Amino acid sequence: MIEVRDLVKRYGDTTAVDHLSFAVEPGRITGFLGPNGAGKSTTMRLILGLDRPSSGSALIDGLPYRDLRDPLRYVGALLEARAVHGGRSAFNHLLYLAQTQGVPKRRVSEVLELVGLSGVAKKRTKGFSLGMGQRLGIAAALLGDPKILILDEPVNGLDPEGVLWVRQLLKALAGEGRTIFVSSHLMNEMAVTADHLIVIGRGKLQADMPVGQFIAQFSDTAVLVRTPEAEALRAAAGERGWTVADTDLDGALIVTGSTAPEIGELAAARGLVLHELTPQRASLEEAYMELTRETGEFAHRPAPAWGGADGRA
Amino acid sequence: MTATTTRSFHMDAPIRRITFREALDSEFAKIRSVRSTYWTLLICVVLSVGISLLIAAVTSANWDTLSATNRATVDMSSVVAGVYFGVLVVGVLGVLVVSTEYGTGMMRTSLTAFPRRSVLFLAKAVVLTLVVLVTGIIIAFASYGVASPFYTKHGVDLSLSHGANVRALLAVPVYLALVALMGLALGFLLRHTAAAISTLVGLFFVVPIITNFLPGTLGKDLNKIVPSNAGSAMMVTHAATPGSTPTLSPIGGFVALLIWTALLIVPAFWFFRHRDA
Ligand SMILES: Nc1ncnc2c1ncn2[C@@H]1O[C@H](COP(=O)(O)OP(=O)(O)OP(=O)(O)O)[C@@H](O)[C@H]1O
Ligand SMILES: [Mg+2]
């Protein structure tokens, strides 16, 4: 288990991590979500003891990372930057890591096989594509067969097949009882991968809950309805406490607060004709953007007027 | 490539304490698995031995034109004169051992393996020192082999039965190792290959040019203790000749170089322990 308690990290004037507290439990995939600059990578570096917190603590099974015995067989990490010497082959890179952990040589071949890099094991990593580098990073994280995996944007640079592969791999690893902490800035990817979500914006905690709850709480279950009897439907939905809004699509309505089956059953009960009944899917990503909008470092504000509207000359 | 083969061989194996021994093994594996190490060391040997040979051949050819004072300065330090350039190459190796790790992000990987920074720092320093000591011994005896005949035929006594001559030869690996450590320290302090190498070059080749022209005894004293002159003094066996540029004694040169190394290594260690990686 990873426990972050009241963690703060400042770089000069920037507060990258702002009194963050959460726990990452074993046996499930915990998605760590936030827009660019939210502090995800910083938090992960703090957990790994690479950066020193300004205050607060990050503990792994009760210990700071640097006090772990045999850390690489306890925690596997994939960091943001590709951390390999370009002059070394993939095999030698992993072999060096393996030697630090008393991991037998055959495990190197095993993880290379697992991530699909056996064919290029002897090639210097200088020529690797982004996706190959990412796979090598994942191989390195898995080398020590760790109980805990900390992965910073593992699907970054992977093609759809690779994304699917990472998703299946993480699910299998979590299924074995490991603790999986994986960052992303893509809500939809996490919605299908993670079991639990921790959302941050500007270093502050925005949400910490199971994915199902996040979806239920933050995505309006909007349903598009077309009916020739709009007024009757509006009245019936109003009785149930659902909200009905007009759209600029000719005559179509958006019903929120209920599900498509519920609306269909209501219409049948009242003998109302429906021409279309479509659940709206984009809403989860929108809800996440809404949640982190004000907090995003590069949040889109209206462009300032000429002449330095932000007060600076 | 299925996701079900992740389970492996030692999930329940007893967890061992990561020891210094493993950090050494890993640093050794790292330095061995990078081509630039071999290139750097090869260049260092070829350059040092080659220039020692060149200087010996030229000196020997011009022996008749040399003044008595100049002849008196020919000693073991002449035999290994090429080391003057070799030091810079091992200094660069010292820089690279650290700066490439920062450049590639490898330092973070290393630190996740060895989160105790003193262990990692010490392991790097020890492995570098050992590698450079071995290289230095090769350079010293190879230079002796190729260059000394040019001097002995003019009657210079370079016999290894003299303690002073052996000491001067053994000063070569020590000098090289200390400079490599200075490079290592600069790598940790500056974290940037070009910046660290420039600083090293400045310290070894630019500063002596300036101090050489400083007037007065203070100027002379400063000139004696700059790293390149302190290091060269370690290999001198002849008595000071009147009129030549004053140098430290061999032991004085060694102490001065140790102080230089400490001046860089101590802050490098402190910052490495306290800065973000
Ligand atoms: N070493 C550093 N020095 C100064 N500022 C830093 C440093 N590292 C991070 N920051 C700042 O801290 C904030 C958080 O950065 P961080 O990289 O943790 O964000 P992130 O959530 O990982 O973003 P992304 O999705 O872009 O990877 C940013 O404002 C960043 O500029
Ligand atoms: Mg990041």
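**View 1. Helix α1 of chain A lies across strands β1, β2 and β4 of that chain.** This is a predicted model, in which local features need a pLDDT of at least 70 and side-chain atom pairs count only at pLDDT 80 or more, while totals for chains, interfaces and linings use all residues; pLDDT is the predictor's confidence in each residue, from 0 to 100. Residues are numbered from 1 along each chain as its sequence is written, chains are lettered from A and ligands numbered from 1 in the order in which they are written, and side-chain values use heavy atoms, with hydrogens and water left out. Helix α1(A), made of residues 40-47, runs at about 115 degrees to β1(A). Helices (H or I, at least four residues) and strands (E, at least two) are DSSP runs, numbered from the N terminus. Angles run from 0 to 180 degrees between N-to-C directions, with axes taken as lines fitted to C-alpha atoms, for helices over the stretch in contact, where contact means heavy atoms within 4.5 Å.

**View 2. The strands under discussion form an open sheet in the order β2-β1-β4 of chain A.** The three strands show antiparallel pairing, two strands being paired if DSSP finds at least two bridges between them. Strands β2(A), residues 14-24, and β4(A), residues 55-60, stand at the edges and have a single partner strand each, so one side of each is left without a neighbour in the sheet. From one strand to the next, the twist averages 20 degrees. Strand β1(A), residues 2-11, is joined to β4(A) by five bridges, and the two run antiparallel; Ile2(A) stands opposite Ile60(A) in β4(A).

**View 3. Ligand 1 has 16 residues around it.** Those that come nearest are Gly37(A), Gly39(A), Lys40(A), Ser41(A) and Thr42(A), where a residue is near a molecule or strand if one of its heavy atoms lies within 4 Å of it. The side chain of Lys40(A) has an N or O atom 2.8 Å from an oxygen atom of ligand 1. The backbone takes part as well: an N or O atom of Gly39(A) lies 2.9 Å from a ligand oxygen, and a polar backbone atom of Ala38(A) is 3.2 Å from an oxygen atom of the ligand. Each of these is a polar contact, which is a pair of N or O atoms within 3.5 Å; within protein, one must be able to donate a hydrogen and the other to accept it, and residues adjacent in sequence count only if both atoms are side-chain atoms.

**View 4. An open sheet of four strands in chain A has the order β11-β12-β10-β13.** The pairing is antiparallel. Strands β11(A), residues 243-246, and β13(A), residues 276-279, are at the edges with a single partner strand each, so one side of each is left without a neighbour in the sheet. The twist averages 25 degrees from one strand to the next. Four bridges link β11(A) to β12(A), residues 253-256, in the antiparallel sense, and Ala245(A) has Ile254(A) as its bridge partner in β12(A). Helix α9(A), residues 260-270, packs on the sheet and touches β10(A), β12(A) and β13(A), its direction making about 160 degrees with that of β13(A).

**View 5. Chain B contains 12 helices and zero strands.** Its C-alpha atoms fill a box of roughly 80 × 40 × 30 Å along the principal axes. The unreviewed UniProt entry annotates several spans as "transmembrane region", including residues 166-189 and 251-272 of chain B; UniProt positions are given in the numbering used here, feature names are shortened, and annotations may be inferred rather than shown by experiment. Residues 166-189 of chain B are 100% helix, with end C-alpha atoms 35 Å apart, and residues 251-272 are likewise 100% helix, with ends 31 Å apart.

View 6. Where pLDDT is low, the predicted coordinates should not be read in detail.
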